[in-house]
Amino acid sequence: MPRFPQPPPMRIGAREFVWGQRTYVMGIVNVSPESFSGDGAASVRAAVAHARRLASAGADILDVGGQSTRPGFEELDPEEEIARVVPVIRRLVKEVDVPVSIDTYKAPVARAALEAGASIVNDIHGFRRDRKIASLAAEADVPCVIMHNQRGRKTRDVIGDIEAGLAKSFEIARRAGLGRSQIIIDPGFGFGWTEEQNLEMLRRLGELRRLGRPILVGTSRKSTIGAVLGEPVERRLFGTAATCAIAIMNGADIIRAHDVKEMAQVARMTDAIVRGWPR
């Protein structure tokens, strides 16, 4: 597989992320009781306590989301989503020394979260659902994770479809004045793909290195793991670990995880093999 140069470092909040040195872990903070993973917090206090545990366990970024995005989810009004996430973000930026991300595809929610102190936006539609998010990020000078979402789209070639979708997101960003250097890409594991296509995505992940941007992969506890192992969501830890190790071997820079302590160890061990062990 051809080797591509690492993207230059990126500042997220007060921290500098140097790509290629190690794999970073994004901890999932669900403020959505209907979340598929069963870990959705029902109160601000519970969400903040969970986020603090994730930070202590090794999370490099805390990704706060109030809208469930599982298949068939019921969409919230932006006002309700804001009411869920903003109090949590306000607390976290004061109490935890870790950059806070807002997981949303709605511009009003992104704006409120950035005003509350979030320092990166994670958009599962890659600006293709609400283009205003790109403009908001450009105005606030914050990075964005843009995901390719295959739901409702015809599939021809997994990596080709991902690249085509991300190209459209890059163009929206360019028109909004958001520099390519501010973008992290996510291929969208579990969003509109069959189990076989999700597995192919991980096998071929390294092909996305040619886009020249850091890669985030989110496989944690997802249904493809359940399909392969025949396990319910609460027993997918080892399957998640395998997918994270393979993703890192194939070029992932960030893994998004519910089980941060365990996946931080997976990342550290895989990094020692893939990137070298500095002792």
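Modeller: Start with a contact in this predicted model. From helix 2, Pro 78, Glu 81, Ile 82, Val 85, Val 86, Ile 89, Arg 90 and Val 93 meet Pro 108, Val 109, Ala 112, Ala 113 and Ala 116 of helix 3. By residue class, this contact holds 11 nonpolar, no polar and two charged residues.

Biologist: Why are helix 2 and helix 3 called roughly parallel?

Modeller: The axes of helix 2 (residues 78-95) and helix 3 (residues 107-116) cross at roughly 20°. Angles under 35 degrees count as roughly parallel, so helix 2 and helix 3 get that label. Their axes come within 9 Å, and the crossing is right-handed.

Biologist: What makes Asn 122 count as buried?

Modeller: Its relative accessibility is 4%. Buried means under 20%, therefore Asn 122 qualifies. Asn 122 sits in strand 6 (residues 120-123).

Biologist: Which residues does Asn 122 touch, not counting residues up to four places away in sequence?

Modeller: Asn 122 touches Met 26, Asp 63, Ser 101, Ile 102, Asp 103, Thr 104, Val 145 and Arg 256.

Biologist: Is Arg 53 buried or exposed, and how do you know?

Modeller: Arg 53 has a relative accessible area of 53%. Exposed means over 50%, so Arg 53 is exposed. Arg 53 belongs to helix 1 (residues 44-57).

Biologist: What separates the C-alpha atoms of Arg 53 and Gly 65?

Modeller: The separation is 17 Å, for residues 12 apart along the chain.

Methods:
Residues numbered from 1 in each chain as written. Predicted model: local features only at pLDDT ≥ 70, side-chain atom pairs only at ≥ 80, totals over all residues. Heavy atoms only, no water. Axes fitted to C-alpha atoms, helices over the stretch in contact; angles between N-to-C directions. Helix = DSSP H or I, 4+ residues; strand = E, 2+ residues; numbered from the N terminus. Parallel < 35°, antiparallel > 145°, perpendicular 65-115°, else oblique. Left-handed = near helix turned anticlockwise from the far one by under 90°. Contact = heavy atoms within 4.5 Å. Nonpolar A, V, L, I, M, F, W, Y, C, P; charged D, E, K, R; others polar. Buried < 20%, exposed > 50% of the residue type's maximum accessible area, 1.4 Å probe, protein only.
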